[in-house]
Amino acid sequence: MTVDEAVRNLGKAIQNDCRYKRYVAAKKANDENEALQNQIGEFQLLRMNFQRNAEKSEQSSEKLTKMEETLQKMYDAIIATDGMKEFQAAKDEVDAMMNDVDAIISLSLSGEDPETCHTTENSCGGNCANCSAGCH
(Lines give C-alpha, C1' and ligand atoms only; values in the text may rest on other atoms or scores of the structure.)
Protein backbone atom coordinates (compact mmCIF):
# COMPACT_ATOMS: atom_id res chain seq x y z
CA MET A 1 0.00 0.00 0.00
CA THR A 2 1.33 3.44 -0.90
CA VAL A 3 1.24 6.44 1.41
CA ASP A 4 -1.37 8.02 -0.89
CA GLU A 5 -3.61 4.94 -0.61
CA ALA A 6 -3.16 4.83 3.17
CA VAL A 7 -4.08 8.51 3.52
CA ARG A 8 -7.17 8.03 1.36
CA ASN A 9 -8.16 5.06 3.52
CA LEU A 10 -7.61 7.23 6.59
CA GLY A 11 -9.89 9.87 5.08
CA LYS A 12 -12.59 7.24 4.56
CA ALA A 13 -12.14 5.96 8.13
CA ILE A 14 -12.45 9.50 9.50
CA GLN A 15 -15.65 10.07 7.53
CA ASN A 16 -17.06 6.79 8.88
CA ASP A 17 -16.12 7.58 12.48
CA CYS A 18 -19.05 8.35 14.80
CA ARG A 19 -17.30 11.51 16.06
CA TYR A 20 -17.07 12.90 12.55
CA LYS A 21 -20.68 11.95 11.81
CA ARG A 22 -21.79 13.71 15.01
CA TYR A 23 -19.84 16.81 13.95
CA VAL A 24 -21.40 16.85 10.47
CA ALA A 25 -24.90 16.35 11.90
CA ALA A 26 -24.43 19.17 14.43
CA LYS A 27 -23.11 21.52 11.74
CA LYS A 28 -26.00 20.68 9.43
CA ALA A 29 -28.55 21.21 12.21
CA ASN A 30 -27.08 24.64 12.96
CA ASP A 31 -26.94 25.57 9.28
CA GLU A 32 -30.63 24.70 8.96
CA ASN A 33 -31.67 26.49 12.17
CA GLU A 34 -33.15 29.73 10.83
CA ALA A 35 -33.36 31.44 14.22
CA LEU A 36 -29.72 30.67 14.97
CA GLN A 37 -28.63 31.82 11.52
CA ASN A 38 -30.51 35.10 12.05
CA GLN A 39 -28.74 35.58 15.40
CA ILE A 40 -25.38 34.93 13.76
CA GLY A 41 -26.20 37.34 10.93
CA GLU A 42 -27.16 40.10 13.38
CA PHE A 43 -23.97 39.46 15.33
CA GLN A 44 -21.83 39.70 12.19
CA LEU A 45 -23.48 42.95 11.14
CA LEU A 46 -22.94 44.49 14.55
CA ARG A 47 -19.32 43.29 14.58
CA MET A 48 -18.67 44.91 11.18
CA ASN A 49 -20.30 48.12 12.41
CA PHE A 50 -18.19 47.99 15.56
CA GLN A 51 -15.00 47.53 13.53
CA ARG A 52 -15.92 50.42 11.24
CA ASN A 53 -16.59 52.66 14.23
CA ALA A 54 -13.43 51.57 16.02
CA GLU A 55 -11.36 52.71 13.02
CA LYS A 56 -12.79 56.22 13.26
CA SER A 57 -10.70 58.39 15.52
CA GLU A 58 -13.63 60.63 16.50
CA GLN A 59 -15.69 57.79 18.01
CA SER A 60 -16.24 58.01 21.73
CA SER A 61 -14.81 55.21 23.81
CA GLU A 62 -18.13 55.07 25.68
CA LYS A 63 -20.03 54.24 22.49
CA LEU A 64 -17.46 51.62 21.52
CA THR A 65 -17.57 50.07 24.99
CA LYS A 66 -21.37 49.84 24.79
CA MET A 67 -21.17 48.22 21.35
CA GLU A 68 -18.54 45.81 22.60
CA GLU A 69 -20.74 44.82 25.55
CA THR A 70 -23.67 44.23 23.18
CA LEU A 71 -21.45 42.13 20.94
CA GLN A 72 -20.33 40.02 23.90
CA LYS A 73 -23.94 39.47 25.03
CA MET A 74 -24.96 38.43 21.53
CA TYR A 75 -22.00 36.07 21.26
CA ASP A 76 -22.75 34.54 24.66
CA ALA A 77 -26.39 34.02 23.64
CA ILE A 78 -25.37 32.29 20.41
CA ILE A 79 -22.84 30.03 22.13
CA ALA A 80 -25.39 29.13 24.82
CA THR A 81 -27.86 27.62 22.35
CA ASP A 82 -28.26 23.86 22.46
CA GLY A 83 -27.24 23.58 18.82
CA MET A 84 -24.00 25.47 19.34
CA LYS A 85 -23.22 23.51 22.51
CA GLU A 86 -23.68 20.26 20.58
CA PHE A 87 -21.60 21.57 17.68
CA GLN A 88 -18.76 22.65 19.98
CA ALA A 89 -18.76 19.31 21.83
CA ALA A 90 -18.68 17.42 18.51
CA LYS A 91 -15.96 19.72 17.15
CA ASP A 92 -13.87 19.16 20.28
CA GLU A 93 -14.10 15.38 19.75
CA VAL A 94 -13.06 15.66 16.10
CA ASP A 95 -10.22 18.02 17.03
CA ALA A 96 -9.00 15.52 19.65
CA MET A 97 -9.19 12.70 17.10
CA MET A 98 -7.20 14.73 14.58
CA ASN A 99 -4.63 15.67 17.24
CA ASP A 100 -4.16 11.94 17.89
CA VAL A 101 -3.78 11.28 14.15
CA ASP A 102 -1.25 14.09 13.87
CA ALA A 103 0.64 12.83 16.93
CA ILE A 104 0.88 9.29 15.54
CA ILE A 105 2.16 10.60 12.22
CA SER A 106 4.68 12.90 13.93
CA LEU A 107 5.86 10.16 16.27
CA SER A 108 6.19 7.78 13.32
CA LEU A 109 8.31 10.33 11.48
CA SER A 110 10.52 10.48 14.59
CA GLY A 111 11.08 6.73 14.39
CA GLU A 112 8.49 5.55 16.91
CA ASP A 113 6.52 2.38 16.21
CA PRO A 114 3.14 3.49 14.77
CA GLU A 115 1.50 0.46 16.39
CA THR A 116 2.62 1.26 19.92
CA CYS A 117 3.41 4.98 20.16
CA HIS A 118 1.32 6.86 22.71
CA THR A 119 -0.40 10.03 21.58
CA THR A 120 -1.00 11.13 25.18
CA GLU A 121 2.71 11.36 26.03
CA ASN A 122 2.97 14.83 24.51
CA SER A 123 0.42 16.19 26.97
CA CYS A 124 1.50 14.18 29.99
CA GLY A 125 1.33 16.03 33.26
CA GLY A 126 3.17 13.32 35.18
CA ASN A 127 0.18 12.30 37.33
CA CYS A 128 -0.59 8.70 36.37
CA ALA A 129 -3.50 8.23 38.80
CA ASN A 130 -6.21 8.68 36.15
CA CYS A 131 -4.21 7.69 33.08
CA SER A 132 -4.18 4.42 31.20
CA ALA A 133 -1.58 5.37 28.59
CA GLY A 134 1.15 3.36 30.28
CA CYS A 135 3.89 5.82 29.39
CA HIS A 136 5.67 5.74 32.78
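Seven salt bridges occur in the structure, a salt bridge being a side-chain nitrogen of Lys or Arg within 4 Å of a carboxyl oxygen of Asp or Glu. The model is predicted: local features need pLDDT of at least 70, side-chain atom pairs count only at pLDDT 80 or more, and totals for chains, interfaces and linings use all residues. Residues are numbered from 1 along each chain as its sequence is written, and side-chain values use heavy atoms, with hydrogens and water left out.

Helices here (H or I, at least four residues) are DSSP runs, numbered from the N terminus. Arg22 counts as partly exposed because its relative accessibility is 26%. Glu93, at 31%, is also partly exposed. Buried means under 20% relative accessible area, exposed over 50%, and partly exposed in between (1.4 Å probe, protein chains only).

Asp31 pairs with Lys27, their closest N and O atoms being 3.0 Å apart. Both residues lie in helix 2, four residues apart, about one turn of the helix. Glu32 and Lys28 meet in a salt bridge at 3.2 Å, N to O. Their separation is about one helical turn, because they are four residues apart in helix 2. Glu32 is exposed, at 54% relative accessible area, while Lys28 is partly exposed, at 48%. Salt bridges with shared partners join Arg22, Glu86 and Glu93 into one network.

The largest nonpolar core has 10 residues, among them Leu36, Phe43, Leu64 and Met84. Such a core is a set of buried Ala, Val, Leu, Ile, Met, Phe, Trp, Tyr and Cys residues joined through side-chain atoms within 4.5 Å. Helix 3 (34-55) and helix 4 (61-79) each supply at least two of the core residues. Helix 4 gives the most, with five.

In helix 4, Leu64, Met67, Leu71, Met74 and Ile78 are buried. They lie on the same side of helix 4 because they cover an arc of only 85° around the axis. The arc is that of the directions from the helix axis to the C-beta atoms. On the other side of helix 4, Ser61, Glu62, Lys66 and Lys73 are exposed. The buried residues of helix 4 pack against helix 3 and helix 5 (82-109), with contact meaning heavy atoms within 4.5 Å.
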